[in-house]
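This report walks through a protein structure one part at a time. Keep the sequence and the 3D view at hand while reading.

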Amino acid sequence: MAQGYVALVLHAHLPFVRHPEFPRFMEEDWLFEAITETYLPLLEVMEGLERDGVPFRLTMSLTPPLIAMLTDELLQKRYEAYLDARIELATNEMRRLRGSKEFYPLAEMYYGIFVRSRHRFTEQYGRNLVQAFRRFQDSGQLQILTCGATHGLLPLLQDRTIQRAQIHVAVEQYRRHFDRDPVGIWLPECAYVPGLDELLAEYGIRFFFLETIGILRADPPPVYGVYAPLYTPSGVAAFGRDPESSAQVWSKDSGYPGDYDYREFYRDIGFDLPLEYVGPYLHDRNVRHMLGIKYYRITGKTDEKATYHPGWARQKAELHAGNFLFNRTKQIEWLAQHMDRPPIVVAPYDAELFGHWWFEGPQFLDFFIRKVHREQDVVELITPAEYLDRHPVNQVAVPEISSWGANGTFEVWCNGTNDWIWPHLHQAGRRMKELAHRYPQAEGLLRRALNQAARELLLAQSSDWPFIMTMGTTVEYAVRRFRSHIARFTKLYEDIRNGEIDEPWLQEIERRDNIFPEIDYSIYRWTD
Amino acid sequence: MAKKERLLTLEEAAEFLGITRTALYSRIRRARARGENVPFRRDSGRSGKLVVTLQALRRWLERRGEPIPGEKGSSPVPTPERVDSQYAPPAERLAPTAPSVEEAAQPAAEPKPTRGAPIIEQLPESYMENQVTALFQAPDTLVVYWDVHPETAKRFEGRRWGLLLKTEDGEEVIEIANGAKNWYVRKPNLAKEYEITFGPFDETGQIVPIAKTIWRRPKLEAPQWGRAVQEAGRVRLEPVPEPEITADVGALQEASRGPLGAGSAEWVSSGVTSGEQAKK
């Protein structure tokens with residue numbers, strides 16, 4: 001019998017980016033790259049494990065914006081077009097590199113990835129990856145978490161009704177896609193403030209995750225550190241992130257993804273090859289961006305990069321999976337000696353780390369899970385819900401206000417680069433509540449306008465916009481998106497108040513910001 | 001046995017239409033983006049190339065109301081100058097995904113209103129009300145922001161403005177910089193509760209309150225141990241007697257200490273600069 005548990009938790013999220021008003025849009029590539037490099041490979045790992053009879057337990061969030069995009073017909077079609085272009089590019093690369101023993105096999109590898117992705121996406125999954133993931137949840141191997149409706153940073157939204165709307169819309173969407181209630185949630189950015197758990201309890205959500213500090217500084221302090229969950233006063237369990245397993249993967253200095261044999265993320269032919277050659281594949285012929293074909297390995301702290309060898313990298317992935325398991329085994333053996341119940345090590349990561357940032361990440365996961373099954377009996381993979389079923393009695397405490405951002409605080413989302421957004425968000429929230437109270441039983445055009453106002457508010461609340469502003473990359477896009485949603489909301493507010501709804505304009509923004517088609521604005525009337 | 005119709009490659013179809021391969025591919029992409037049923041398919045026998053039957057291509061042109069080359073009544077389609085020189089860059093000859101002029105032109109970001117309020121992307125400096133709000137940013141920092149109605153601002157024009165912070169241990173006055181929209185209140189450790197008053201200073205140095213807010217650290221009472229119960233779709237806590245604990249609490253807490261906030265932000269911010277980093 002195992003001495004302890006490991007819960008692998010993958011947080012899959014992208015902001016809602018969909019621009020039907022443009023024939024193509026660069027930021028939509030975020031989704032397309034994640035599908036190709038992360039979501040399809042993760043499904044492939046799960047299918048391989050299932051085929052080989054390897055039992056596994058994974059926990060994974062699919063956030064509402066991601067679900068909305070993965071099930072959107074326009075984006076599904078655009079993804080196929082994206083793959084068609086990549087297949088063409090890889091074909092060109094195979095022609096260009098014919099005769100090169102060093103690079104031709106790599107071009108061929110990318111061609112294979114794109115062609116296989118096209119086939120699997122279209123033929124095998126009928127374009128709907130959400131249902132592909134759902135199959136593993138239905139078979140009990142994968143636990144799919146929900147999240148905030150648009151990944152809003154709940155503590156800073158402050159108002160209970162506004163926070164509840166983020167949860168409510170997410171739960172409703174989850175039910176529609178998975179035919180069941182969510183048992184767990186990934187709080188956006190793990191951002192927590194005491195009392196938030198009461199909202200989760202209202203929806204029957206059994207657990208969420210916290211940064212280590214949120215557990216360690218709980219009141220009273222945790223008896224088991226982060227190696228057992230705490231119940232919040234509402235009865236919803238909080239699982240804390242294990243710092244050791246996180247650092248082994250996350251750390252930019254000592255983490256596995258930085259190994260010199262792994263593929264170098266930043267050397268991409270979008271930057272390396274002549275503009276006249278890659279130009280046709282760029283969104284703007286004169287503005288370079290990544291195209292997903294990368295020929296070099298990390299090599300070292302040098303600009304002179306050596307050629308990527310998939311075989312070497314695969315060996316490293318297996319080696320690192322073995323090392324990760326070895327460390328978890330030793331960790332759990334030690335913890336078990338100091339505990340009077342089996343410890344649980346919770347290891348959460350951004351899903352997109354696996355495959356997109358760390359190309360070999362899915363291989364690492366595959367090796368790790370297989371090794372857990374075949375090579376030891378100390379560690380057992382588990383989902384949080386299973387843990388709570390086996391260990392229903394837990395310590396009760398009030399966790400500390402925290403997030404998984406820098407320093408465990410909210411400073412990533414509220415600092416000198418982005419604090420200007422909060423007055424607008426709070427004002428829009430108050431106005432949305434005002435509208436919902438003023439027009440409680442709206443029908444027809446008024447109802448459409450109120451529902452669209454709710455969508456615009458939710459889209460403005462995405463934590464991705466202030467995050468991008470802090471990181472200093474694609475800031476212009478994040479600022480434009482934020483301003484646009486607030487501006488659209490404000491026009492709706494004014495028009496509704498003045499009884500002068502602009503139907504053609506409303507129709508156009510309904511077409512553009514089509515997230516949550518079933519939304520009901522009256523959630524903003526609800527009070528405690 | 002039915003005769004199998006010959007498949008045209010993209011190049012052959014483009015030649016049939018009298019346009020470049022690039023232009024045809026762009027047309028296909030745009031049509032797909034619009035949700036049109038496009039007859040081009042990938043042929044596994046030709047390394048995944050796009051192919052189409054002549055008949056399907058003709059039907060597609062018909063549906064689109066476009067002239068069919070060689071058919072009665074169709075207008076001649078000019079053939080653009082081809083780039084077949086061996087000196088042409090390879091992508092120019094091979095890549096079919098070049099954005100057309102139509103694609104490259106960026107339409108206006110915001111749809112134009114036809115009536116009602118205008119769209120104002122430059123967000124307002126003020127929402128015409130007096131109010132102050134405090135946000136918890138970190139255990140040592142509150143971010144306080146405010147709004148001042150223009151009439152209030154006019155009434156107190158020329159005054160210095162400030163915040164009055166009251167805690168159970170006393171009061172503190174902070175004079176804010178002229179024109180500031182917010183203030184980061186930093187303390188070694190935040191108090192459990194702050195009553196914050198915002199306003200201009202009067203002649204005696206007192207703050208004239210125009211807006212107030214209270215920030216308080218949530219305080220919840222809870223039993224020591226419990227069991228979660230699900231009832232009617234909700235979760236609630238059922239207290240249980242505290243079990244006998246034989247764990248080494250100090251060692252476990254020590255083992256739990258690690259780097260703070262080593263989550264996505266740290267990884268994403270590593271490495272060289274790239275627009276790709278914005279993705280999470």
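## The contact between the chains

In this predicted model, 114 residues of chain A are in contact with 91 residues of chain B. On the side of chain A that touches chain B, helix α3 (residues 73–96) of chain A gives the most, with eleven residues. Sorted by type, the residues on that side of chain A are 60 nonpolar, 28 polar and 26 charged.

Strand β10 (residues 393–395) of chain A pairs with strand β11 (residues 225–231) of chain B in the antiparallel sense, over three bridges. Within this pairing, V393(A) has R227(B) as its bridge partner in β11(B).

## The two chains as a whole

What does the secondary structure of chain A come to? Chain A has 20 helices and ten strands. Its radius of gyration is 24 Å, close to the 24 Å that the globule rule gives for 528 residues, so chain A is as compact as a globular protein of that length. Along the principal axes, the C-alpha atoms of chain A fill a box of roughly 70 × 65 × 45 Å. Of the 528 residues of chain A, 60% count as buried. Among contacts in chain A with a separation of 6 or more, 77% are between residues 24 or more positions apart.

Chain B has eight helices and twelve strands. In chain B, 25% of the 280 residues are buried. For contacts in chain B with a separation of 6 or more, 46% are between residues 24 or more positions apart.

## Nonpolar cores

In soluble globular proteins, nonpolar side chains tend to be buried together. The largest nonpolar core of this model has 213 residues. L200(A), A453(A) and V144(B) are the residues with the most contacts inside this core. Helix α1 (residues 29–51) of chain A supplies the largest share of the core, twelve residues.

Which residues is V144(B) in contact with, leaving aside its neighbours within four places in sequence? They are V132(B), A134(B), L163(B), N182(B), W183(B), V185(B) and I196(B).

Helix α20 (residues 503–512) of chain A has W505(A), L506(A) and I509(A) as buried residues. These three cover an arc of only 100 degrees around the axis, so they are on the same side of α20(A). On the other side of α20(A), P504(A) and R511(A) are exposed. The buried residues of α20(A) pack against two helices of chain A, α17 (444–460) and α19 (475–497).

## A three-stranded sheet

Chain A contains an open sheet of three strands in the order β5-β7-β6, with mixed pairing. β5 (207–210) and β6 of chain A stand at the edges, and each has a single partner strand, so one side of each is left without a neighbour in the sheet.

How many bridges join β6(A) and strand β7 (residues 237–240) of chain A? These strands pair over two bridges, in the antiparallel sense. In this pairing, L230(A) has A238(A) in β7(A) as its bridge partner.

## Backbone details in the loops

The peptide bond from D219(A) to P220(A) is cis, with omega near -5 degrees. P220(A) is in the loop between α9 (212–216) and β6 (230–231) of chain A.

R127(A) is not a glycine, although its phi is positive, about 75 degrees. R127(A) is found in the loop between α4 (104–124) and α5 (129–138) of chain A. Is R127(A) partly exposed or buried? R127(A) counts as partly exposed because it has 19 C-beta neighbours inside 10 Å, and a buried residue needs 20 or more.

C190(A) is another residue other than glycine with a positive phi, near 55 degrees. C190(A) lies in the loop between β4 (185–186) and α8 (196–202) of chain A. With 25 other C-beta atoms within 10 Å, C190(A) is buried.

Methods. Residues are numbered from 1 along each chain as its sequence is written. Chains are lettered from A and ligands numbered from 1 in the order in which they are written. This is a predicted model: local features need pLDDT of at least 70, side-chain atom pairs count only at pLDDT 80 or more; totals for chains, interfaces and linings use all residues. Helices (H or I, at least four residues) and strands (E, at least two) are DSSP runs, numbered from the N terminus. A residue is buried if 20 or more other C-beta atoms lie within 10 Å of its own, exposed if 12 or fewer, and partly exposed in between; C-beta atoms are placed from the backbone. Two residues are in contact if their C-beta atoms, placed from the backbone, lie within 7 Å. Ala, Val, Leu, Ile, Met, Phe, Trp, Tyr, Cys and Pro count as nonpolar, Asp, Glu, Lys and Arg as charged, and the others, Gly among them, as polar. Two strands pair if DSSP finds at least two bridges between them. The arc is that of the directions from the helix axis to the C-beta atoms. A nonpolar core is a set of buried Ala, Val, Leu, Ile, Met, Phe, Trp, Tyr and Cys residues joined through C-beta atoms within 7 Å. The radius of gyration is taken over C-alpha atoms; the globule rule is 2.2 Å times the number of residues to the power 0.38.
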